[in-house]
Amino acid sequence: MATTVAAPAAAPPAAGTKVRHAWTQHGLLFVVPFLAVYVAFLVWPVILGVRMSLSSVNIAGTNDGFVGFANYAEAFRAPLMWRSLWNTLVFTALSTVPLVLLGLGFALLVHHLRFVQWLWRLSFFGPFLLPSAVVSLLWLQMIYPPGYGLINGTLGIDVLWLGDPSVAMWAMVLTTVWWTVGFNFLLYLAALQSIPQHLYEAAAIDGANAWNRLRSITLPMLGRTTALIVVLQLLASLKVFDQIYLMTGGGPQDSTRSIIEYAYDTGFTGYRIGYASAVSYILFAIIVVVSLAQLRLFRKRAEGSS
Amino acid sequence: MQEGPPHVSRRTLLGGSLALAGAAATGCAIPMGLGSSQTRVRYWHFLGASDGIIMNRMVKAFGQAEPGVSVEENVLAWGEPYYTKIAMAGSGGRSPDLATFHLARLAGIGAGRILDPIDVRLLEEAGLRGSDFSPPIWERAHLDGVLYAIPFDAHPMVQYYNTDICRKAGLLGPDGKLRPTKGEDELIAMLRQAKDAMGGKPPLAFDALGLGTVGPWRVWWSLYPQSGGALLTPDGRHIAIDDGKALAALRLMARLGTEGLCDWRTDYGASVAAFTNGQAAFLWNGDWEVTGLKERGTPFSMTRFPSVFGGASAQADCHSFVLPHQRSRDPEVERATYRFIAYLVKHSADWAVAGHVPAYLPTLQQPAYLALNPQSEYRSVITEVALDPQVWFTGSASRMWLEFGEAFSPVISGQRSPEDGLAAAKASLSRLLAAPNPFPRQER
């Protein structure tokens, strides 16, 4: 008996060096189907895209001569590219703040309302289930139209929501918040429900009021969720396209043209896929920088707190 | 043997339902008789609404005239996505046998191996000759002297007018037709009279703003060329806009909006709706709304776009037929395709019901066409159509249309001065001129 028990106990150090060579035991074999799809549909197109961005290739795949960094140089010289980039950053800033705060607010509200909870959950999460085309048409044709739109009609005001360059971006933000706040709400709600109840009980015994409990227990316990939501939200907002394409096409006077809309315009209606690829890679670089910065930031904070 | 209900094997049943499901899935795209001895011609077009109904009727009529050929109609969305699809299909070499195309887009992608040249010999065999077409339009169907398109019609900007309102405003002549105006003062006077008759509501509607608006471009490109203005130098390399003339046209557009003579808050759909419902006395639009207006019983007629700055030109584009590039063509399908084109072109009078002016000159003399009212009222415009310059970024739903539309839209509403509008348009134009042509010619 002793030997049979001892054998496995003694085995690991010897087997450890062996396992390093037997790559199948890492589970790589199980990952191969995923890897194949990942390489074919993500890694390879990313590499192809780099090549396209260095050529003058058109929508038909012809005229694909190598032009070096001419596309990038042209993009950096183009005022409309900078304008689109600026619009994208403005949209990201304007949309991320309310999307995170409102998500938290709604989640706290629903968490503490003890009756017909399903109704509140459905109300806040419902819009997120709609496809972008439905959302855009709803706001474009029923809520925003001047004259007979829901907002102007109800409030008795006369605002060109999508026709006035100083208002259009706010209108895009409003639509986006209404549409996607449900996702952040859901993440926050799940996090709230997983905070151990005994913390609140202990705090209550110590005489902490509702505000203290929120500040000292709830918000710190939601820290990781907040970090996740901010990352996801920044990435989603930087990539805004659907609702802008469907509702304003980038207008009026370029006030809502996001960088992806700009890439679409030059690539698919202007036929210059090479140039559009270069613009896409500029956005890609920005997204990589933002993601790395966030990772560093959160890692430092996590180390500090532990 | 066994008595009872007729025996149906599982295989027959499965096969039968599969066939049914297949037929249902393909819908009406494939007419009956596929797989028989019929020659199949695959035809792509973007003709929707009433245009589409009329085209579908003509395809059916051709099917009856030539039972040996079946035309597979495929209707795609109008605008930029259509030209993206054509470009990709043509470059792959496995494209449809025939496609509808805007003539002004020809310079854009026609030169890049996307389209196959028209075989003039086969065209003549089918009974069509170049001399039968309106000369400027026939000329535009060529690139570097090679024929790439067969013109079908021209669809110019026209002026629709509500006969009831105009009668009330005293704008109709003794023949019941709108008295034509000449110059800016007469146009403004006419609009003011209509405005009074409508109790102060803006009498004119056109596509003035909104998602992908091209209306401001269409109106400007009708007015500006009337004074002899050009957009580009003949070689298509430099801007040739005459600021004075361009601003005169823009100032008129701004005047219409700020003096309440046109409702600058209408997008395309709203402008048509306003006119259809008698909320506007005039509609400036392409000629294709005629069928819809007739169906809805609006009391209306049509005339040429008003002459304001000397000439009488009107912005226009032309529908035409092209052969997207194929690696190899079946000679029989090719002949059938030409016969189908010839059938459509020769029956242009049926097509003119949709509002378009036939490019096939013999049709313009036919009693059947002349009897069309109001579609034959503006046929004289065919010699004065303002087509786009022949460069790669022009034509229906092109980048230039979209960018000019966006530059001029705020001028109509008064949000932007005519000078700023023109500057924005020129900036777009120089940007497009500076960008390399994605389909350079030397490639062929």
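Student: What share of the 306 residues of chain A count as buried, and what makes a residue buried here?

Tutor: In this predicted model, 40% of the 306 residues of chain A count as buried, and the word applies to a residue with under 20% relative accessible area.

Student: Why is B:Cys166 called buried?

Tutor: The relative accessibility of B:Cys166 is 0%, and buried means under 20%, so B:Cys166 counts as buried. B:Cys318 is judged in the same way, because a relative accessible area of 0% also falls under the 20% limit.

Student: Which residues touch the most other members of the largest nonpolar core?

Tutor: In this core of 87 residues, they are B:Leu128, B:Ile150, B:Phe321 and B:Val345. Helix 13 of chain B, residues 331–346, contributes the largest share of the core, with 9 residues. Another core, of 65 residues, lies apart from it and includes B:Leu191 and B:Tyr224.

Student: What does B:Ile150 touch, leaving out residues up to four places away in sequence?

Tutor: Among its partners are B:Leu128, B:Phe321 and B:Val345, along with B:Ile118 and B:Ser320, where touching means heavy atoms within 4.5 Å.

Note on methods
Residues numbered from 1 in each chain as written. Chains lettered and ligands numbered in written order. Predicted model: local features only at pLDDT ≥ 70, side-chain atom pairs only at ≥ 80, totals over all residues. Heavy atoms only, no water. Core = buried A, V, L, I, M, F, W, Y, C linked by side-chain atoms within 4.5 Å. Buried < 20%, exposed > 50% of the residue type's maximum accessible area, 1.4 Å probe, protein only. Helix = DSSP H or I, 4+ residues; strand = E, 2+ residues; numbered from the N terminus.
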